[in-house]
Amino acid sequence: MNDHCISRRSFLTAAGMAGAAAALTACGGAASSAASSVASSEAAQSVELIVFAAASLTETLNAIGESYTAEHPEVTFRFNFDSSGTLKTQIQEGADCDLFISAGQKQMNQLDITASADVNKDGLDFVDADSRVNLLENKVVLCVPEGSDKGIDSFDALAEHLKAQDILFCMGNSDVPVGQYTQKILAYYQLDETALAAAGVITYGSNVKEVTTQVTEGSVDAGVVYCTDAYSAGLTPVDEATKEMCGQVIYPAAVLKAAPNAETAKEFLAYLQTDKAMTVFEGVGFSAV
């Protein structure tokens, strides 16, 4: 642009005032067009993707987000990590969100108009069903504090101690997927959660990170978390729940219908399914569905 305008200034000296007017108009028009193009480009480079994700995805998504931004400098991230139930409520109440990744199907179904009315009882229509995918599978595991001498080395042993009411056990709240999986495990062993809680045998965490922290700090004798959170916290699981105990732990993901940046969200969701992203997930214990 500068060389072009300089050559036009040389032309003005030789061509006189009439040529000057024409040349300035042309140069000004080109400059205006270029400025408009730059403005459009800068606008395209300022996408902040808002991702609501289950707390168990904190470490992996932060790492993947950094890699994605390195490859796509125009995209930055605002992550909101919490229990899937809390995130679902925030979305329902109108919070801006581009992409939702839940640790359980229930919370996603409650926002998906195509889901069964038995689950989506309020007829909520927040999810772009065409974008929805089952992204990851996790495992539910039993962990105890390092150096524990309680002899809790399996779910069978946990059940016996709970029946004897001689330990303090931590699990997720009932609106948290890891809590719902734990409830199924308690039912599998025919244990009465309400009675155990009333007896002071059970304490709760509002998300899986809180449960993990209580186990790590040794404030409880055992806790049920995901294998990925155990890995991130440096805990070694003593047992893994079977499908018969609590079913599969599937993480669905979907772009929201009111997403401020829907196309960018779809591109990032596609990226999360690539081998490169899956390597990060698998590194902490997730697996592809």
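By class, the lining of the largest pocket has three nonpolar, five polar and two charged residues, and that pocket is where our tour sets out. In this count Ala, Val, Leu, Ile, Met, Phe, Trp, Tyr, Cys and Pro are nonpolar, Asp, Glu, Lys and Arg are charged, and the others, Gly among them, are polar.

Before you click, a word on the model. It is predicted, so local features need pLDDT of at least 70 and side-chain atom pairs count only at pLDDT 80 or more, while totals for chains, interfaces and linings use all residues. Residues are numbered from 1 along each chain as its sequence is written, and side-chain values use heavy atoms, with hydrogens and water left out.

**Stop 1: the largest pocket**

Select G104, Q105, K106, Q107, P177, Q180, Y181, K184, Q248 and I250, which line the largest pocket. Two elements give two or more residues to this lining: α5 (105-109) and α7 (177-188). The most come from α7, with four residues. The pocket has a volume of about 160 Å³.

Pockets and cavities are found on a 1 Å grid over the protein atoms alone: a cavity is a set of points where a 1.4 Å probe fits but cannot get out, a pocket is an open set with protein on both sides within 12 Å along at least five of seven lines, and lining residues have an atom within 4 Å of a point. Grid points are joined across faces, edges and corners, and a volume is the space filled by probe spheres set on the points.

**Stop 2**

Is N109 buried or exposed? N109 is buried, at 18% relative accessible area; buried means under 20%, exposed over 50%, and partly exposed in between (1.4 Å probe, protein chains only). Leaving out residues up to four places away in sequence, N109 touches A115, V119, N120 and R132, where contact means heavy atoms within 4.5 Å. The side chains of N109 and R132 also make a polar contact (2.8 Å). Such a contact is a pair of N or O atoms within 3.5 Å; within protein, one must be able to donate a hydrogen and the other to accept it, and residues adjacent in sequence count only if both atoms are side-chain atoms.

Now move to D122, in the loop between α5 and β4 (133-138). D122 is exposed, with a relative accessible area of 59%.

**Stop 3: helix α9**

Select residues 208-216, helix α9, whose buried residues are V208, V211, T212, Q214 and V215. Down the axis of α9 these buried residues fall within an arc of 160°, so they line one face of the helix; the arc is that of the directions from the helix axis to the C-beta atoms. They pack against β5 (140-143), β6 (169-172), α7, β7 (202-205), β8 (222-226) and α10 (227-233).

At the start of α9, look for a side-chain oxygen of N207 within 3.0 Å of the backbone nitrogen of K209. After α9 comes G218, with a positive phi near 75°.

**Stop 4: the largest cavity**

The cavity has a volume of about 60 Å³.

**Last stop: the whole chain**

Zoom out to find 13 helices and eleven strands; helices (H or I, at least four residues) and strands (E, at least two) are DSSP runs, numbered from the N terminus. Of the 289 residues in the chain, 44% are buried.
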